[in-house]
Amino acid sequence: MLTPPLPWDRPKWRERGGETVVLLHGLWRGWRAMEPLARHLASQGFSTLNVPYPSARLPVPALAEHVRRQVAKVAGDRPVHFVTHSLGGILARTLLADPLPWQAGRLLMLAPPNQGSEIVDWASAHPWALRLLGPAGGALGKNGIPSSLPPLPEAMDAAVIMGKRPGIPFFRKLLEEENDGIVSAAGGRIAGLRGFMILDADHTFIPMHSEVIRICPSFLKSGAWPDQDRPSGFLR
């Protein structure tokens with residue numbers, strides 16, 4: 001889960017005959033961060049493409065183009081769904097802002113900074129931190145790339161799952177009370193969502209959360225979101 005992107009990483013493709021799911025990790029992570037979820041989706045009959053990308057070296061448009069090229073190799077005539085973590089959600093939204101050469105499916109974003117990041121705004125005043133974030137991470141501020149992206153396609157089934165367990169207390173004062181240590185839970189909201197959920201999960205490990213593993217395949221298959229009568233504090 002904590003392995004950074006490595007120069008020799010290559011996309012991991014599993015052909016299972018079903019619709020394609022593209023998995024995109026977050027900043028300073030590699031394909032291994034999404035591998036448990038990819039394996040589970042493959043066991044459910046989906047064909048999965050787990051895409052590594054140099055998240056700390058290139059700007060968002062270049063990263064999105066990198067992902068586009070990888071997906072185009074396997075897309076075919078089947079719908080292509082996306083499951084993303086953190087920065088990966090912004091890459092998926094960047095892709096969706098332009099016409100796609102494949103049939104767009106559903107989108108499930110885990111802990112995305114859809115309204116920009118307070119941490120990136122703080123880092124803008126600390127050059128060493130901004131360098132660590134890289135050009136893509138450094139563009140995720142409140143007035144950065146997330147705020148400039150167009151609305152989601154009207155016909156798309158899209159959902160967001162956020163966390164509320166602050167595993168990294170260092171940034172607590174920068175974030176809203178309910179946060180996952182990196183992103184404020186409310187900051188994941190965006191117009192046009194079919195579903196929005198907040199789990200007791202931290203930012204790094206939310207792709208492995210049992211409820212994410214449970215909900216992900218059913219949402220991708222049908223677009224249905226869990227009923228609103230879940231236990232208090234579970235579903236928003």
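View 1. Two strands count as paired when DSSP finds at least two bridges between them, and strands (E, at least two residues) and helices (H or I, at least four) are DSSP runs numbered from the N terminus. With that in hand, look at the open sheet of 7 strands, which runs in the order β1-β3-β2-β4-β5-β6-β7 with mixed pairing. β1 (12–14) and β7 (195–199) stand at the edges with a single partner strand each, so one side of each has no neighbour in the sheet. From one strand to the next, the twist averages 15 degrees; angles run from 0 to 180 degrees between N-to-C directions, and axes are lines fitted to C-alpha atoms, for helices over the stretch in contact. This is a predicted model, in which local features need pLDDT of at least 70 and side-chain atom pairs count only at pLDDT 80 or more, while totals for chains, interfaces and linings use all residues. Residues are numbered from 1 along each chain as its sequence is written, and side-chain values use heavy atoms, with hydrogens and water left out.

**View 2. Strand β2 is covered on both faces.** Here, buried means under 20% relative accessible area, exposed means over 50%, and partly exposed lies in between (1.4 Å probe, protein chains only). In a regular strand the side chains alternate between the two faces of the sheet. T20, V22 and L24 lie on one side of β2, V21 and L23 on the other, and all are buried. β2 pairs with β3 in the parallel sense over 5 bridges, and the bridge partner of V22 in β3 is L49.

View 3. β4 (residues 80–85) pairs with β5 (residues 104–110) in the parallel sense over 5 bridges, with L107 of β5 as the bridge partner of F82. Helix α2 (residues 60–72) packs on the sheet, touching β2 (20–24), β3 (47–51) and β4, and its direction makes about 150 degrees with that of β3. A nonpolar core is a set of buried Ala, Val, Leu, Ile, Met, Phe, Trp, Tyr and Cys residues joined through side-chain atoms within 4.5 Å. The largest one has 40 residues, of which V22, L24, V67, V71, F82 and L107 touch the most other members. Helix α3 (residues 87–96) supplies the largest share, 6 residues. A second, separate core of 24 residues includes L23, M34, A38 and F46.

**View 4. Helices α1 and α7 cross.** The axes of α1 (residues 35–43) and α7 (residues 210–222) come within 10 Å and cross at roughly 45 degrees. The two helices are therefore oblique to each other (under 35 degrees is roughly parallel, over 145 roughly antiparallel, 65 to 115 roughly perpendicular and the rest oblique). L37, H40 and L41 of α1 make the contact with V212, I213, C216, P217 and L220 of α7; contact means heavy atoms within 4.5 Å.

View 5. I90, in helix α3, has 0% relative accessibility and so counts as buried. Leaving aside neighbours within four places in sequence, I90 is in contact with P113, N114, L140, I145, P146 and L149. P150 is in the loop between α6 (145–148) and β6 (158–163) and is partly exposed, with a relative accessible area of 36%.
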